[in-house]
Amino acid sequence: MSFFLETLLGGLMSGMLYSLVALGFVLIYKASGVFNFAQGAMVLFAALSMARFSEWIPEWLGMDNLFVANVLAFVVSIVVMFAVAWLVERLVLRHLVNQEAATLLMATLGIAYFLDGVGQAIFGSDIYKIDVGMPKEPVMVLESVFDGGILINKEDFVAAFISAMLVLALTIFFQKTATGRALRAVADDHQAAQSIGIPLDRIWVIVWCVAGITALVAGVIWGSKLGAQFSLSTVALRALPVVILGGLTSVPGAILGGLIIGVGEKLSEVYLGHYVGGGIEIWFAYMLALVFLLFRPQGLFGEKIIDRV
Amino acid sequence: MFYRENGQFKTSYKADQQIFPIPQDRWVILAIVVFAFVGIPLLVDEYLFRAILIPFLILSLAALGVNILVGYCGQITLGAGAFMAVGAYASYNFLIRVSGMPALAAILLGGLTAAAVGIVFGAPSLRVRGLYLAVATLAAQFFWDWAFLRIKWFTNDSSSGSVSVADIELFGWTISTPTDKYLFCLGILVLFSLMAKNLVRGSIGRQWMAIRDMDVAATVIGIRPMYAKLSAFAVSSFYVGVAGALWGMVHLGSWEPAAFSIDRSFQLLFMVIIGGMGAIAGSFFGAAFIVILPIFLNQMLPLVGSLFGLEVSIALVSHVEIMVFGALIVFFLIVEPHGIARLWSTGREKLRLWPFPH
Amino acid sequence: MKLHKLLVAASIAAIGLSAALTAPAAYAAEEQFFPVLAYRTGAYAPNGAPWANGFVDYMKLTNARGGVNGGKMIWEECETAYATDRGVECYERLKGKHGGATAVQPLSTGITFALTEKAPVDKIPVITAGYGRSESQDGSVFGWNFPLIGTYWMGADVLVQHIAKKEGGFDKLKGKKIALVYHDSPYGKEPIALLQERAKMHGFELSLLPVAHPGVEQKATWLQIRQNKPDYVFLWGWGVMNQTAIKEAQATGYPRDKMYGIWWSGAEPDVKDVGDGAKGYNALAMQHGAEPNAKVVKEVLEKLHAKGQGTGPKEEVGQVLYMRGLISSMLQVEAVRVAQDRYGKGKHITGEQMRWGLEHLDLDQKKLDALGFAGVMRPVKTSCLDHMGSAWARIHTWDGKKWNFTSDWYQGDEKVLRPLVISTAGKYAEEKKIVRRTAEDCKK
């Protein structure tokens, strides 16, 4: 029982992280209809930038305070991600308005390659450390209830908490601020939004900036756990089933989808994996999403697709 | 001037409906094919065969298959690499498990197995559409990646999961030198392209295109979506499977599942979109572009660097290579979202009017 | 207009390509050319780069020492990104340059598998020091593969020997649980055959836990380890997977001193970011470990890095992966020397002559000491039938700052290894319709 709970908790915590990456997908898809495959590359780019600047800034300024260095590096990385967002809108998206979904998808793959290359060329291709003081040792809780207690990974716990905070902040941003409302208007109907005076291209830049921030947070969390390294760009592939399960257009869907996928894949790997040789979690996540799709082709919370001739 | 249709009259429907109704096209294509069969083997060295031409031919075939599904039937797939893997491993198993199995038959049976698998994994397309389907096809990719690593039967209990085959034979012709391999792949590619061209011109091809343009409308005019979509998946997977079998048995000779990873799937989709969706020729252009570009960049960048007196490190070259690759893809999509095939046909139109554009 | 520009660009590109492809290769007759298939980008770059630096540095050192009987080493690097198809392209591109490649070292099990097919045709030996196919030790079937100084089966065998010794004898292994956490690729799967053999012999329970490429997602794996509580964990990882495994072990509270990595999972990049969290983690050292005090390392620093001619950062010299590259390079340089002894001193050695050199490599302790490898490695002696040449290994342990040797020398057990090598190689020969080389063939 305690092991089941541990697995469940582990799944929920990974799920929170998947949600964070999935959120980046959903934001951009909602606002611009672009399925942004470059989200993984953005996570990598942000993590590399964070890792390297937190290393370089103390060197440049000749100081030794880890906290200040991290804060400064975080701020610089935000600026970097904003620049990326602006450039993407300026150089790519603006020229591809009204193209087919597949073309846009390929364009973002092109962006992903480009970012991978630039990121490694500027920041290097070694494994870099992001040290934001995450706790590494596990703790045991509820030892009185269960035999042996439940092992909780403090780092995962903190990470899940930060993700949850970010999701909350984004929800408030979308519901309460004028910009947030404009974003939702654009998501509902591009033309209608434009006709009431919402500037589309500026909205797109904002959306990519927000996606950049989620990428940065995801990058810092994953990077502090795994080291900022090329493999981070593959987290996008782990987040894809989350997006389609939750629905491409739904923020709550991304969160719930992340939790379902996180729990589903961990439970399946631990309880079913060894019957078939293990290593099943990645395709299991996709199969799970596929099964959901057969019942709800637009995802859990996606907008219903209405066909008209 | 050279490309004028004046004075060419068709007197029968048959003449009007042939694959290349304009004689110039017909002759040019024929000349290219003859040159490919006769000229290239005389001119080209081993490196070009092994590193560029053979991969180009096989990946063209695979891109052709993907184009049937994506370009003609409008179903985006990110799982093409998996069907290549199915083709490769299936033909391997046919070859080693059935004694006396001719290699060509094994390759075709591999393709058929891929077709069957394609139908199974295409079934969700009846309910799921667009980007959702694209991501769902990734399920096939990851599942087969896993299956070929894990299920030992597929790899004939090889301890490492990697398999190898001896040189294959075709009616007493042992295909071992690069030239042999090139000719064998070329032969298959020409036959399959002809077949594809005829398929997409025929009734089934028109059904696919109707589904692509709007599936509800197609259903209303009496096209069965199940038949059309699944047949597209089957034909496409057959092509991709045969390409996979060639890739494994002819090009590599020894392979592991990583040869058909998700990168391969992306690569094939790139070929189709850069080359031109819904155009047979587009598959060739796309394959050429994607195969040659990285190699070209990799060799050119140090030269460019040395022009400016810079010693470019290997690591930087590969980083710049990825960057330029990504940037060129975006550039191409912006300049011509319909692919190189569209550029080609635009060029042809211009040529018809040349030298008097008005 | 756009079309126009594109056409111009395309034609310029085409001209450039043909120029690049037909560039003539000039070479001096006595130079030995070695292609360097390296990876300095992608998911495995942190581990690939130090190896390549050591590999190139030893060739530079050889030239600084005056070459092999006056013959200089030349090389060209090509980036494979650890991808098989790119590796094959690199090989095809480089194999004919400068009078033909003398030998090739792909540093990837996947590329090794692909090149195994091509080597007999091109007559270029494939040296895979410490990786590649384990059964290619059998030189009578794999005439062109040289898994010098170590194969994965030998590595796995030594690991089992070590824990048996720790437990107090092979009979104590009965009922023990060993988990193998491996990279889900031919590389990671190599040791399974041997470990299963050993499990049958000694009655320990082997559980297999695959980790998908690139190995950053291991939560479920370590949850299973927490559930099963194996007595030992063997780690067969590469690149970022090693680091992640140690971090996950820390996060799930698995004792690091019960973890044993293969030699590719026991270098500085794998542990340095984990720091104290990796304290007590063990790995197999294929002969050498980190050797900052070796004579050859001091010579590299003095003759190359002090003059600014070294490859890569100075701090890396003497680290584990750097040393592996250095030794891999040394073995091939010495094989050239052996071949020259037979085919003419100072002469250009072809791939076929190089094979003879590799099959008659005989580095005794005196020669090794003279080369500056005293204390770094033990003698290597190959033959036509045994392409490995040495089965010595030690265990080293990370103390939070550096690697220290914590065991005596072990040797792979021929009684266990040999039958497995022969039977697996036989199966390969059958599949590929290869006729075994006889003792007569070996003399040629």
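This note sets out, point by point, how the chains of a predicted model are built and how they meet.

1. Make-up of chain A. Chain A contains 11 helices and 2 strands. Read from the N terminus, the order of its elements is α-α-α-α-β-β-α-α-α-α-α-α-α.

2. Dimensions of chain A. Along the principal axes, the C-alpha atoms of chain A occupy a box of roughly 65 × 60 × 35 Å. A compact globule of 309 residues would have a radius of gyration near 19 Å, and the 20 Å of chain A agrees with this.

3. Packing within chain A. Of the 309 residues in chain A, 57% are buried. Among the contacts in chain A with a separation of 6 or more, 74% are between residues 24 or more positions apart.

4. Make-up and dimensions of chain C. In chain C the secondary structure amounts to 15 helices and 14 strands. The globule rule gives 22 Å for 444 residues, and the radius of gyration of chain C is 22 Å, so chain C is as compact as a globular protein of that length. Its C-alpha atoms fill a box of roughly 65 × 65 × 50 Å along the principal axes.

5. Packing within chain C. Buried residues account for 60% of the 444 residues in chain C. Where contacts in chain C join residues at least 6 apart in sequence, 70% of them link residues at least 24 apart.

6. The interface between chains A and C. Here 31 residues of chain A contact 31 residues of chain C. On the chain A side, the elements that supply two or more residues are α1 (2–32), β2 (150–153), α8 (200–226), α10 (251–276) and α11 (281–295). The most comes from α1(A), with 5 residues. Sorted by class, this side of chain A has 8 nonpolar, 12 polar and 11 charged residues.

7. The largest nonpolar core. This core has 377 residues, and those with the most contacts inside it are Val43(A), Ala47(A), Val207(A), Ala62(B), Leu246(B) and Leu284(C). Helix α3 (residues 46–72) of chain B provides the largest share of the core, 18 residues. From chain C, at least three residues come from each of domain 1 (32–151 + 292–391 + 422–443) and domain 2 (152–290 + 395–411).

8. A residue of the core in chain B. Leu246(B) is one of the residues with the most contacts inside the largest nonpolar core. Leaving aside residues up to four places away in sequence, Leu246(B) touches Ile58(B), Ile107(B), Cys185(B), Ile188(B) and His251(B).

Technical notes
Residues numbered from 1 in each chain as written. Chains lettered and ligands numbered in written order. Predicted model: local features only at pLDDT ≥ 70, side-chain atom pairs only at ≥ 80, totals over all residues. Contact = placed C-beta atoms within 7 Å. Helix = DSSP H or I, 4+ residues; strand = E, 2+ residues; numbered from the N terminus. Nonpolar A, V, L, I, M, F, W, Y, C, P; charged D, E, K, R; others polar. Rg over C-alpha atoms; globule rule 2.2 N^0.38 Å. Buried ≥ 20, exposed ≤ 12 C-beta atoms within 10 Å, placed from the backbone. Core = buried A, V, L, I, M, F, W, Y, C linked by C-beta atoms within 7 Å. Domains from an automatic or database assignment.
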